[in-house]
Amino acid sequence: MVRSVVQWLSRLLILAGLASGSQNVIAWEAGRMLDAASELGPRAVAAAAQLQGVIEHASTQDAAARLTAVNDFFNRHIEFHTDQEVWGQQDFWASPLQALAKGRGDCEDYAIAKYASLLAAGTPAARLRLVYVRVRRAGSTQAHMVLAYYARPNAEPLILDNLVPGVETASKRPDLTPVFSFNGEGLWQGVGARTAGNPLERLSRWRDVLEKMRAEGFL
Amino acid sequence: MSLMRQIWLLLLGVVLLSLIGSAAVSAVSMRQVLQTQLQLKNSDNALSLALAMSQQHGDESLMELLVAAQFDSGYYQSLLWRKADGKLAFERRVPAVPSVAPAWFVALTPVAIAPGVAQVSDGWRAAGSIEVLSQSAYVHDELWRSTLRSAGLLALVGMLAGVFAMLVLRRIRRPLDNAVQQAQSLVDGNFLTIAESKVPELQRLTQAMNTMVVRMRGMFEAQAAQLEALRVQAQCDGLTGLSHRRQFLAQLESSLAREDGPDEVGMVLLRLRDLQDLNLRLGRPTVDRALVTVANAVNSYPERVLGCFAGRLNGADFALWLPAPGVAQETALALSEALRISLPAFGPHIHVSLGAVEMPRSNRASAWFGAADAALARAEASGNFAVELAAPAVVGLPAQGERVWRQQIGDAIKQRGTRLVQFPVIDRGNQVQHLECPLQMRLEPNGAFEPAQRWLPLAVRCRLTADVDAHVVALALEAIARDGQHRCVNIAPASLLDGGFTARLRDLVFQSPQAARKLGMEVAEPAAINSFDLLYEMGRQLRPLGVKLGIEHAGSGLSQIERLYQAGLDYVKLDASVVQGVAGDAARAAFVRGLVIMLRSLALKVYAEGVTDAMDVQALWDCDVDGITGPWASAQIGSSSGRVNR
């Protein structure tokens with residue numbers, strides 16, 4: 001009887017290990033995305049289906065075409081509105097599917113959605129950065145966020161922005177002044193096995209969004 | 001495994017489990033918290049540093065200065081600045097501070113913390129990344145300290161729980177032990193009731209057992225009452241309640257054969273004169289009442305005096321046996337006076353004649369009756385209410401005085417001028433169950449060995465029976481050690497009254513524990529009736545050592561021993577007066593059978609004494625007694641009765 005108990009326990013442990021380990025290996029997963037979208041409504045489902053098509057197509061293209069495809073998709077599918085109007089909160093970082101479900105979002109929502117989709121399409125994380133910038137428009141300055149793509153580490157980045165329809169190099173965007181940049185690099189490295197539903201993951205907005213991106217199958 | 005030990009082990013196991021479990025759980029959760037905190041510290045500090053470095057417009061020396069400043073003023077193990085192409089631009093590093101926790105503890109609680117990483121930029125240009133790793137030894141320090149603290153607290157709690165549990169268990173244990181002891185004493189034939197305990201389960205148990213004991217007592221009392229009825233039927237005269245002729249004769253024989261008792265005893269014969277004539281004149285009912293009055297007058301002596309017994313020999317004749325020297329004539333005169341006053345109330349011309357006899361006990365019954373009849377004849381010739389004394393044959397005690405006897409007995413014990421005589425007690429298959437061993441003592445140096453009838457009265461008078469009985473027990477233990485046979489010795493009732501007697505016996509028995517298990521001690525029935533508590537106490541001390549305790553010369557007095565069921569006895573030997581004549585008399589046989597059944601139900605063995613007749617033997621086996629002793633038994637065994645053992 002002792003032996004059967006031990007066997008049962010070891011099977012349980014193996015399953016647990018596999019379950020936790022498998023979370024490390026999740027990459028872009030279409031099934032998860034559709035499941036997550038179905039919870040958000042029919043609009044999200046339709047958008048997600050289209051997005052999946054774009055991502056799959058983009059993963060076969062070269063960098064410039066990929067950037068353009070993703071940039072155009074989100075600039076078209078999301079209307080610019082403040083978080084107050086869309087979510088009723090001062091500041092809310094929505095995940096890509098959440099933004100698509102509403103069809104509306106603000107600057108960081110665009111940047112996050114594009115970041116997630118480019119990662120899903122196979123772009124290395126080291127080449128992407130979200131950048132806090134100051135934008136001068138019509139004489140006034142505003143806080144803004146854009147996505148920057150570095151083809152090489154020291155190169156000039158390409159800017160994906162919702163204010164401008166196309167992807168431009170940084171030098172062509174004199175209205176933007178960068179302040180600080182960040183990405184998801186180093187945040188998951190070497191932390192060991194992550195347990196599902198660790199409440200400390202939700203401590204910062206950026207981490208929260210990264211977690212949501214993972215849950216939706218982008219990462 | 002005993003119940004108490006099981007409970008203790010369970011308690012210990014639970015306390016240990018909770019102790020270790022709590023300590024482990026608190027350590028693990030604390031480790032989780034500290035680990036997360038440290039990780040967040042790394043990440044947040046990296047972000048702040050990167051933010052500051054990104055404002056330096058790419059001035060490398062300024063950025064290096066920032067890194068150095070942060071490192072020096074913080075609690076870090078290393079700060080690294082990597083350029084965008086991955087090459088190391090600048091670093092500050094110190095070796096890790098060791099923790100105060102022991103190495104095995106650190107190995108048990110691994111803390112995996114990754115360095116915090118943040119991106120540095122200069123305008124649009126990526127300037128690389130910064131890696132921050134804080135000192136993590138304090139995690140183990142804190143874990144170790146908190147584990148020690150919680151383990152200490154839980155150990156304290158565990159000890160308190162243990163103390164509490166011990167108190168509670170002790171409260172339960174005492175009534176439990178009492179209940180077990182009650183059950184044990186039931187097995188031993190001791191019917192006790194104990195106080196009910198407050199513990200509910202045990203309360204029900206003790207209630208049930210007490211009820212059972214009470215019921216058994218009730219049954220015993222009912223049986224005793226039944227037995228008394230049987231006895232009356234077997235032994236007593238219908239009208240007056242005195243023993244009838246046959247029973248009186250049997251009692252007489254038995255009393256003459258007994259070893260204890262005084263040397264000179266007396267008997268009074270009483271006759272109501274002209275009974276036929278009185279019947280015709282006064283009518284039967286009146287005469288019967290007169291006879292009852294006479295019987296009551298005669299019976300007043302057995303009620304008061306030990307060993308005395310009376311009987312109605314035939315229609316008009318009554319007899320009274322007085323086991324004491326010098327009282328026969330006084331008793332007869334007193335009776336005569338009392339009847340002289342009370343009898344005339346029934347009618348005129350009612351007369352009695354009395355004859356008194358005093359003789360040494362060694363005479364046979366026929367000699368007694370002969371002398372008594374002669375005295376009665378003379379009294380009848382003398383007149384109404386006359387008393388005549390038969391001339392006693394004078395063989396008194398050697399008139400030497402108490403001091404001399406004391407000396408003689410003391411010398412006999414010291415110089416081993418004593419020997420044990422053996423009489424077998426046999427069972428159905430003629431196997432010897434045990435040997436009865438009365439003591440013979442040489443009073444005169446180089447004299448003959450005297451039987452107990454001779455030396456016992458002296459010993460009683462000198463109050464030396466305790467010494468003699470202790471000596472007897474010592475001899476018996478030696479004899480048992482030699483040949484391994486079961487033996488029984490007699491204990492005089494007077495010895496029980498000696499305060500240190502039981503202690504001396506216990507010491508003797510302690511010294512030969514093996515032999516003690518084959519030893520039995522028997523006391524005469526009157527002692528059991530009168531000194532019940534002393535007998536019980538002796539039994540309580542000696543029976544646990546394996547010694548058997550019994551009653552001899554038991555008969556009609558058995559139903560009078562209150563708490564016989566509680567007495568702690570092992571066997572009973574029925575007196576000759578009860579078992580003689582069983583073959584011919586159905587009533588006596590019924591009485592004996594009833595006695596055997598009652599005594600058996602109390603887990604006592606029953607033996608019959610003084611059996612002479614082979615027909616009686618068969619009848620006794622039919623009554624289911626356990627053993628027989630007496631002349632017939634000694635003859636069966638073949639060796640002469642009185643095989644000696646020094």
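This is a predicted model: local features need pLDDT of at least 70, side-chain atom pairs count only at pLDDT 80 or more; totals for chains, interfaces and linings use all residues.
In chain B, five strands form an open sheet of mixed pairing in the order 6-7-5-8-9. Strand 6 (309-312) and strand 9 (387-389) of chain B are the edge strands, each pairing on one side only. On average, neighbouring strands of this sheet are turned by 15° against each other, direction ignored. Within the sheet, strand 5 (residues 264-272) and strand 7 (residues 317-322) of chain B are antiparallel and are joined over six bridges; here Val268(B) is positioned opposite Leu320(B) of strand 7. Helix 8 (residues 284-304) of chain B lies across strand 5, strand 6, strand 7 and strand 8 (352-360) of chain B, and runs at about 160° to strand 6.

A further set of pairings in chain B involves strand 12 (residues 439-442), which is joined to strand 10 (residues 418-426) by three bridges in the antiparallel sense. Strand 12 of chain B is also antiparallel to strand 13 (residues 449-450) of chain B, with two bridges between them. Strands 12 and 13 of chain B form a hairpin with six residues between them, and in the turn Asn446(B) has a positive phi of about 65°. In a regular strand, side chains alternate between the two faces of the sheet.

Helix 15 (residues 501-511) of chain B contains the buried residues Phe501(B), Leu505(B) and Val509(B). These residues lie on the same side of helix 15 of chain B because they cover an arc of only 65° around the axis. The other side of this helix carries the exposed residues Ala503(B), Asp507(B), Phe510(B) and Gln511(B). The buried residues of helix 15 pack against four helices of chain B, namely helix 13 (465-483), helix 14 (493-496), helix 16 (513-516) and helix 18 (532-542).

Between the chains, 20 residues of chain A are in contact with 17 residues of chain B. On the side of chain A that touches chain B, strand 7 (residues 176-182) of chain A gives the most, with four residues. By class, this side of chain A comprises ten nonpolar, seven polar and three charged residues.

Terms used: Residues are numbered from 1 along each chain as its sequence is written. Chains are lettered from A and ligands numbered from 1 in the order in which they are written. Two strands pair if DSSP finds at least two bridges between them. Two residues are in contact if their C-beta atoms, placed from the backbone, lie within 7 Å. Ala, Val, Leu, Ile, Met, Phe, Trp, Tyr, Cys and Pro count as nonpolar, Asp, Glu, Lys and Arg as charged, and the others, Gly among them, as polar. Axes are lines fitted to C-alpha atoms, for helices over the stretch in contact, and angles run from 0 to 180 degrees between N-to-C directions. A residue is buried if 20 or more other C-beta atoms lie within 10 Å of its own, exposed if 12 or fewer, and partly exposed in between; C-beta atoms are placed from the backbone. The arc is that of the directions from the helix axis to the C-beta atoms.
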